[in-house]
Amino acid sequence: FHGGISFEPYRKQFDELIGKPDMRYMEIYNASEGFFAFQDEKTPGTLQLMLDYDIFYEFIPMTEFNGSQSEKIIPLWETEPGLNYAMVISSSSGLWRYIIGDTVSFTSVRPYKIKVTGRTKHFINMVGEEVVVENTDKALKLASEKHGVFVKDYTVAPVFMRGTQKGAHEWMIEFKEPPKDVETFAADLDRFLQQVNSDYQIKRTNDISLKQLILHVARPGLFQDWLAKHNKLGGQHKIPRLRTDRELMEELLEMNTSFSL
């Protein structure tokens with residue numbers, strides 16, 4: 001059983017570690033605020049939303065999410081499949097319209113089934129590419145499978161446009177063993193990200209707004225060192241996958257300066 005972070009980038013690594021091709025992995029979606037959903041079928045990625053656990057659900061469309069009290073909040077029965085929402089809960093424990101910080105989309109509304117797509121603060125949308133964690137996880141899974149590598153951790157930051165210089169997404173990835181050809185891996189990763197996100201593909205077409213992504217290979221233990229430096233070691237702290245600013249990336253680049261393949 002797993003939850004709290006996307007399992008897809010690590011599935012192959014667990015397959016090899018466990019060594020059982022028929023091993024079943026089941027996702028659960030629980031938190032300090034409540035038990036929200038669980039995987040009730042063999043196909044991964046779809047979770048049954050629990051409607052009888054003393055939680056009242058509301059949702060904010062991410063197209064309107066801005067952190068103000070003027071946001072449009074809709075009840076469960078007005079949700080639509082395929083759209084990204086910030087989840088809002090009220091519970092018998094005393095929480096009242098609490099934004100838990102996760103984003104979800106519905107794969108079905110009869111019954112209500114969801115998948116976790118990311119965090120309300122973890123996305124990159126410089127030029128309308130609307131990249132969320134679900135996109136980067138999928139693209140990284142595909143690239144890793146093609147190149148036969150395992151990813152331990154990663155984060156992505158924007159490279160902002162300046163003057164006539166195009167923007168880009170900058171990746172820092174810690175591999176178990178780096179790919180033999182990092183440049184080809186980066187090109188494939190960029191191509192797979194275009195496949196899973198049509199908005200990113202449009203912005204990448206002929207480099208109209210974005211150049212190909214920039215990839216840095218992290219030295220072993222870089223992310224753990226960063227967590228330790230900020231007193232964030234432990235299961236409750238995770239590396240932010242996507243950032244709208246460059247603060248984390250600049251710090252990681254400085255900590256990674258002495259590393260070379």
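Helices (H or I, at least four residues) and strands (E, at least two) are DSSP runs, numbered from the N terminus. The legends below describe a predicted model, in which local features need pLDDT of at least 70 and side-chain atom pairs count only at pLDDT 80 or more, while totals for chains, interfaces and linings use all residues. Residues are numbered from 1 along each chain as its sequence is written, and side-chain values use heavy atoms, with hydrogens and water left out.

View 1. Ile 89 lies in strand S6, which spans residues 84–91. Ile 89 is buried, its relative accessible area being 0% (buried: under 20%; exposed: over 50%; partly exposed: in between; 1.4 Å probe, protein chains only). Leaving aside residues up to four places away in sequence, Ile 89 touches Glu 33, Phe 36, Ile 55, Phe 56, Tyr 57, Leu 95, Trp 96, Arg 97, Tyr 98 and Ile 100, where contact means heavy atoms within 4.5 Å. Between Ile 89 and Leu 47, the separation is 42 residues in sequence and 17 Å in space, C-alpha to C-alpha.

View 2. Rings of Phe, Tyr and Trp (its six-membered ring) pair if their centres lie within 6.5 Å; planes under 30 degrees apart are stacked, over 60 edge-to-face, and the rest tilted. Phe 7 is buried at 10% relative accessible area, whereas Phe 14 is partly exposed at 36%. Tyr 57 and Phe 59 form a stacked pair, with 6.5 Å centre to centre and 15° between the planes. Tyr 57 is buried at 3%, and Phe 59 is buried at 0%. One aromatic cluster comprises Tyr 29, Phe 36, Tyr 57, Phe 59, Tyr 85, Phe 106 and Tyr 112.

**View 3. Crossing of helices H2 and H3.** The axes of H2 (residues 133–147) and H3 (residues 182–196) come within 8 Å and cross at roughly 135°. Axes are lines fitted to C-alpha atoms, for helices over the stretch in contact, and angles run from 0 to 180 degrees between N-to-C directions. H2 and H3 are therefore oblique to each other (under 35 degrees: roughly parallel; over 145: roughly antiparallel; 65 to 115: roughly perpendicular; the rest: oblique). Residues of H2 that meet H3 include Leu 140, Ala 143 and His 147; their counterparts in H3 include Phe 185, Leu 189 and Phe 192.

**View 4. Arg 191 and the ring of Phe 192.** The charged end of Arg 191 sits over the Phe 192 ring, 4.7 Å from its centre (criterion: NZ of Lys or CZ of Arg within 6 Å of the ring centre and within 35 degrees of the ring normal).
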